[in-house]
Structures are given as C-alpha cells and as structure tokens.
Amino acid sequence: LRLVQDSRKMHIDLPLYGALLPGSSSFLEKANGLADGMIYVDAPTDSAFTPEGQKLFTEYKSQYGNMQSATFAFGSTYEAFNLLTSASTSRTPIETYLSTNTFHGIFGKYSFNSQNDITGISHSMRIIENGKPKDLPPQQ
C-alpha cells in the first residue's frame with residue numbers, strides 16, 4: 001500500500017502490479033482510489049464458480065454476509081470437505097483416491113497430478129478500476 005501511495009504522491013507514472021492483497025477490501029479502502037489501473041494476480045474468485053457454485057455462494061452470503069477473507073477461501077474449504085468426505089468413504093487410501101480421480105465441484109472439473117498439485121483451477125488476472133477489482137479477460 002505504501003508503494004502505491006508514495007508512487008502516486010511523487011507522480012511516478014509507471015504501471016503497478018501486485019499479487020493477492022490488492023483485491024482485499026482493506027487494501028482498496030486504504031488506497032482510496034490510488035490503485036486504479038493496478039494489475040494483479042489473484043486466487044480464483046466467485047466468477048470462476050460453476051452456476052451451482054454461484055448459487056451456493058449467493059445463499060451463503062445471504063445467510064452470513066460478505067466474506068471477510070478471500071472468496072477463494074469459501075470455494076476451497078467447501079471443496080476440501082467434499083473431497084475428504086468422498087475419499088474417506090471410498091475405501092481407497094486418500095492420496096491414491098485424490099491422484100486417480102477427476103472431480104467436478106464448484107470450480108468445475110479438476111484433478112491432482114503426480115506431485116499432488118491441483119490442475120484445472122487457475123489463478124485469475126484482475127485490474128482495479130474505479131476502486132473495485134475487475135477480472136481481466138484471458139490473453140490469447
């Protein structure tokens with residue numbers, strides 16, 4: 001935040017880039033418009049949810065209010081509980097279950113590779129416009 005504030009105060013006209021935190025409500029509130037134009041990488045947001053995931057997230061927000069943390073926390077926690085539940089009832093060792101199946105969840109289709117890294121869910125590129133984060137379209 002300090003870098004954004006200082007660069008704007010000194011009229012340094014260079015692009016601003018960041019990761020994760022620029023999309024937080026705390027950062028945006030404190031930046032007070034100074035971060036407009038900043039491009040940053042973010043964890044998948046609710047725009048990455050399937051229609052069923054969007055519905056579930058809307059229901060969650062109507063019952064509990066807006067997320068106090070990243071939206072990804074909602075989706076990843078939901079998926080983690082579903083994965084652990086299905087793995088524990090599969091009678092297969094969890095690591096084997098995860099590495100040999102493809103899953104369909106609120107982020108769509110995903111799986112785990114041989115290094116146990118998730119595939120099929122990717123980060124998003126975003127830009128701050130008028131004090132609000134906006135998804136950037138994927139580059140071809």
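Author: Lysine 55 and glutamate 59 sit four residues apart in helix α3, so about one helical turn separates them. Helices here are DSSP runs of H or I with at least four residues, strands are E runs of at least two, and both are numbered from the N terminus. The two side chains form a salt bridge, with the closest N and O atoms 3.6 Å apart. The term means a side-chain nitrogen of Lys or Arg within 4 Å of a carboxyl oxygen of Asp or Glu. Lysine 55 is exposed at 55% relative accessible area. Glutamate 59 is partly exposed at 39%. Buried is under 20%, exposed is over 50%, and partly exposed lies in between (1.4 Å probe, protein chains only).

The model is predicted: local features need pLDDT of at least 70, side-chain atom pairs count only at pLDDT 80 or more, and totals for chains, interfaces and linings use all residues. Residues are numbered from 1 along each chain as its sequence is written, and side-chain values use heavy atoms, with hydrogens and water left out.

The whole structure holds five salt bridges. One of them joins aspartate 6 to arginine 2, at 3.2 Å between the closest N and O atoms. These two are four residues apart in helix α1, again about one helical turn. Aspartate 6 is partly exposed at 26%. Arginine 2 is exposed at 60%.

Another links lysine 134 and glutamate 129, with 3.4 Å between the closest N and O atoms. Lysine 134 is partly exposed at 43%, and glutamate 129 is partly exposed at 36%. Salt bridges with shared partners also tie Asp42, Arg126 and Asp135 into one network.

Now the strands. Strand β6 covers residues 124-129 and β7 covers 132-135; they pair antiparallel over four bridges. Pairing requires that DSSP finds at least two bridges between two strands. Within this pair, isoleucine 128 stands opposite proline 133 of β7. Two residues lie between the strands of this hairpin, and asparagine 130 takes a positive phi near 55 degrees there.

Strand β6 also runs antiparallel to β2, with four bridges between them. Aspartate 42 faces serine 124 of β6. The open sheet has four strands in the order β1-β2-β6-β7, and its pairing is mixed. β1 and β7 are at the edges with a single partner strand each, so one side of each has no neighbour in the sheet. Direction ignored, neighbouring strands are turned by 30 degrees against each other on average. The axes behind this angle are lines fitted to C-alpha atoms, for helices over the stretch in contact, and angles run from 0 to 180 degrees between N-to-C directions.

At 7% relative accessibility, threonine 45 is buried. Beyond its neighbours within four places in sequence, threonine 45 contacts Thr71, Ser124, Arg126 and Asp135. Contact means heavy atoms within 4.5 Å. Its side chain also makes a polar contact of 2.8 Å with that of serine 47. Such a contact is a pair of N or O atoms within 3.5 Å; within protein, one must be able to donate a hydrogen and the other to accept it, and residues adjacent in sequence count only if both atoms are side-chain atoms.
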